[in-house]
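Open the viewer and keep the selection panel at hand. This tour goes stop by stop.

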Amino acid sequence: MNVLKHGSATCPPISTKPSSPTNEVLALAADDSGGPQPQFLAIKGVLSCVVGYAGGHEPNPTYRQMKDFTECCLVEFDPSAVSFEDLLIEFGKMHSPTSQRSRQYRSVIFYADEDQKETAEEYLNGLKSSNRGEIYTKVEKMTKFYKGEEYHQNYIAKMSGKSLY
């Protein structure tokens, strides 16, 4: 995944294509994405995780000018080491899919292809049938992704003074 530095309000969206044809990508929005980032990076098979913004149409979102975007993590993974479904299960442990949030912090699974969409919908149907309450997580096609400001990348490690690696 080619990750550009988000240095100005005119930064173009970054590529959502995996760095290798054998890898896959998805974006997951779970409340504030600074918290889930280190959790995703700790999963064997996750190759990279970038905090940013997806799901909107107005160009050049920033943390202070979110516009119609949602804060999320763009995750690249090796499906031979961790499955898409396993990532969804971990995602479900990172936040409450039964909490209704503002657009900025809503719960969303941004899928890259129809197979991911089908798996995400099956996962949510399983949550719904488990009587956990109303599920507010949405399933949406991944379109543009803008990398978040540098201070959002590895935020938890920066605040605690610990390295993620």
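The stops below cover a strand, its partners and the nonpolar cores. Keep in mind that this is a predicted model.

**Stop 1: strand β1.** Select residues 24–29, which form β1. Five of these six residues are buried, so the strand is largely enclosed by the rest of the structure.

**Stop 2: strand β3.** Show L26 and look across to β3: V75 stands opposite.

**Stop 3: strand β4.** Next, select residues 108–111, the strand β4. Three bridges pair β4 with β1, again in the antiparallel sense. Which residue of β4 stands opposite L28? I109 does.

**Stop 4: the largest nonpolar core.** Show the side chains of F40, V75, L87 and I109. They have the most contacts inside the largest nonpolar core, a set of 23 residues. Now colour β1, β2 (46–54), β3, α2 (84–94) and α3 (114–129). Each supplies at least two residues of this core. Which element gives the largest share? Helix α2 does, with five residues.

**Stop 5: F40.** Centre the view on F40. Leaving aside residues up to four places away in sequence, F40 touches L28, V46, C49, C73, V75, F91 and M94.

**Stop 6: another core.** Finally, select V50, A54, V108 and M142. They are among the twelve residues of another core, which lies apart from the largest one.

Notes
Residues are numbered from 1 along each chain as its sequence is written. This is a predicted model: local features need pLDDT of at least 70, side-chain atom pairs count only at pLDDT 80 or more; totals for chains, interfaces and linings use all residues. Side-chain values use heavy atoms; hydrogens and water are left out. Buried means under 20% relative accessible area, exposed over 50%, partly exposed in between (1.4 Å probe, protein chains only). Helices (H or I, at least four residues) and strands (E, at least two) are DSSP runs, numbered from the N terminus. Two strands pair if DSSP finds at least two bridges between them. A nonpolar core is a set of buried Ala, Val, Leu, Ile, Met, Phe, Trp, Tyr and Cys residues joined through side-chain atoms within 4.5 Å. Contact means heavy atoms within 4.5 Å.
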